[in-house]
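This report describes a single protein chain, from its overall form down to selected residues. The sequence and coordinates come first.

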Amino acid sequence: MIHTPKIMSDIANQQLILETVERVCASEFGKYQTDQHYNTVPRALFDSLAAIGLAGLSVPEQYGGMEASASTTASVFESISRFDVSPAIFVSVHAMVCGLISRFGDSAQKQGILPDLASGKTLGAFALTEPQAGSDAQAIKTEATISDGGFTLKGNKCYITSAGFADLYLVFARTSDSTGSGVSAFLVPASTKGLSIGKPEKKMGAELSPIASLFFEDAFVPQSSLLGPLHHGFKVALSGLAGGRVNIAACANGIARSALDISIAHLAERSQFGKQLREFQGLQFMIADMYQKLEAARLLTIKAASDIDAQKKGDLSVNIKLSSSTAKCFATDAAMSITTDAVQLLGGAGYMREYSVERLMRDAKMLQIVEGANQVQRVIIAREILNA
C-alpha cells in the first residue's frame, strides 16, 4: 500500500499516541484497581491521562486540545480498555461533552470552558437518562423553567457516569415550545445550588467508572448555561451518539483482545492428559472463533470511525448512523461471547478474580447496554437498511 506523506504522518502520530497511552496505562492502572478506589473516579488517575492529552481528545487545538480524528480516538479507547475499560468509559463521556461544546457552544462557552476541560482541570459528564427515559430519550421529564436571567431545573437523572466526581454536567431538560415538546441542553456546574448527587450505584462491573443519580430541586442556571438554541437539545444529544457508539465498540474490542490474549497464554501454560491445552482441537476451535469475532468487530469499528472522519470532511454519502450502530452492536456482542469463552477456557481459574477474565466478562455485559441497548441498535440498523 502506498501512503502519501500526510497519511504517513497521521499513522506515525497515532502510533506514538498509542505507545504513550499503553505505557501510562501499564504503569498507573494497577494502583487503582483496589477496593479502596472502586466506585470512584480517582482524580490522580484522570490527571495522569490528562497529562498525555486524553482529556482534550475532542477539543480543538486552539483551546488546548488534541482534536484527534474519530479513528485515532477509537484506537485510544481500545488501547485503554485492554488494561481496564472503566477509565475508557469516563474519559469517553468526558470527550463527548467536550465535542458537543466544541460544536454547539458559543465563543464565550468555548473560551471559558474548553481549556479547563482539555487540561483535565474540569471533568465533564453527560446527563440524559432518567428512570423512565433510557433508550426512549424523548420521554424525559426533567423540566427547565424560564426564570429571570436564566432557567430553573427540576427533576432527576439516573445512571450518570462520573456523577459526584464530575465538575460540569451537560444536562438535558424539557422546555416549552409551540408544541410543548421542546428539550434544551444546559451546562451545569457541580457547585450549582439545588443540585444534589445520590450514592454511587452498586453494579457488577466497571468499578472505576461510578454511576449515580442527579437531583435538581429548583436549581438555577444562568442564560449563559444554555448550549445551542433553546428547544434544540435533542439535536445536541443525538449528534454525539455516532461517536459515542464507535468508542463503545472500541472499548469492547479492547476487552475482547485482552480476553483472547489471556486465553492463548493459558492454553500454552497449562497441560492436561500429558498435552498442552492448546493441542486439543476443541479448544483450538474456540480460539479460532474468538479471533474471527474480534477481527470482524475491529474492522467494523474502523469502518464506522472512518465514516465519521469522512463526514467531517464533507462526504455526505456515508451513513454514520448505520455504521456506528452496526459496529457498536456487533463488537459488544462479540466481546460478551469472547469473554464468556475465555472464562470457560480457563476453567476454574476463569472464575477467580486473580485471572482477570471474570472481570472482563462482567465489563463486557455493560457495553451491550450503554449508548443504546443492542436491541435498540438492531432496530436502528433495520430501519436504515429498509428505508435506504
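## Cysteines

A disulfide is a pair of cysteine sulfur atoms within 2.5 Å. The sulfur of Cys98 has its closest cysteine sulfur in Cys251, at 16 Å, which is too far for a bond. For Cys329 the closest cysteine sulfur is also in Cys251, at 16 Å, again too far for a bond. The structure as a whole holds zero disulfides.

Burial is expressed through relative accessible area: buried means under 20%, exposed over 50%, and partly exposed in between, with a 1.4 Å probe and protein chains only. Cys98 is buried, at 0%, and Cys329 is buried, at 5%.

## Basis of the model

This is a predicted model, in which local features need pLDDT of at least 70 and side-chain atom pairs count only at pLDDT 80 or more, while totals for chains, interfaces and linings use all residues. Residues are numbered from 1 along each chain as its sequence is written, and side-chain values use heavy atoms, with hydrogens and water left out.

## Overall form

The protein chain contains 11 helices and 10 strands. These elements are DSSP runs numbered from the N terminus: helices are H or I with at least four residues, strands are E with at least two. The C-alpha trace spans about 80 × 50 × 45 Å along its principal axes. The radius of gyration, taken over C-alpha atoms, is compared with a globule rule of 2.2 Å times the number of residues to the power 0.38. For 388 residues a compact globule would have a value near 21 Å, and the 21 Å of the protein chain agrees.

Of the 388 residues, 50% count as buried. The accessible surface comes to about 18100 Å², and 55% of that belongs to carbon and sulfur atoms. Accessible areas come from the Shrake-Rupley method with a 1.4 Å probe, and for residues only the protein chains shown count as cover. A contact means heavy atoms within 4.5 Å. Among contacts between residues at least 6 apart in sequence, 73% join residues at least 24 apart.

## Salt bridges

A salt bridge is a side-chain nitrogen of Lys or Arg within 4 Å of a carboxyl oxygen of Asp or Glu. A search of the whole structure finds 13 of them. One of these joins Glu78 and Arg298, with the closest N and O atoms 2.9 Å apart. This pair links distant parts of the chain, as Glu78 is in helix 3 (residues 70-83) and Arg298 in helix 8 (residues 281-312), 220 residues apart. Glu78 is buried at 9% relative accessibility, whereas Arg298 is partly exposed at 28%.

Asp333 and Arg378 meet in another salt bridge, at 2.7 Å from N to O. Asp333 lies in helix 9 and Arg378 in helix 11, so the bridge ties together parts that are 45 residues apart in sequence. Asp333 is partly exposed at 23%, and Arg378 is partly exposed at 44%. In a further bridge, Arg353 pairs with Glu358, the closest N and O atoms being 3.9 Å apart. Salt bridges that share partners join Glu207, Arg353, Glu358 and Arg362 into one network.

Ser324 is found in helix 9 and is buried, with a relative accessible area of 1%. Leaving aside residues up to four places away in sequence, Ser324 touches Ala242, Arg245, Val246 and Ala304.

Tyr355 sits in the loop between helix 9 (320-345) and helix 10 (357-367). Tyr355 is partly exposed, at 36% relative accessible area. Together with Tyr351 and Met352, Tyr355 forms a nonpolar surface patch of about 380 Å² of accessible area. Patches are made of residues with over 30% relative accessible area and no salt bridge; like charges are joined within 9 Å, and nonpolar side chains (Val, Leu, Ile, Met, Phe, Trp, Tyr) within 5 Å.

## Backbone at two loops

Ser162 has a positive phi of about 70 degrees although it is not a glycine. Ser162 lies in the loop between strand 3 (150-161) and strand 4 (168-174) and is buried, at 1%.

Glu371 is not a glycine either, and has a positive phi of about 55 degrees. Its place is the loop between helix 10 and helix 11 (374-386), where Glu371 is partly exposed, at 23%.
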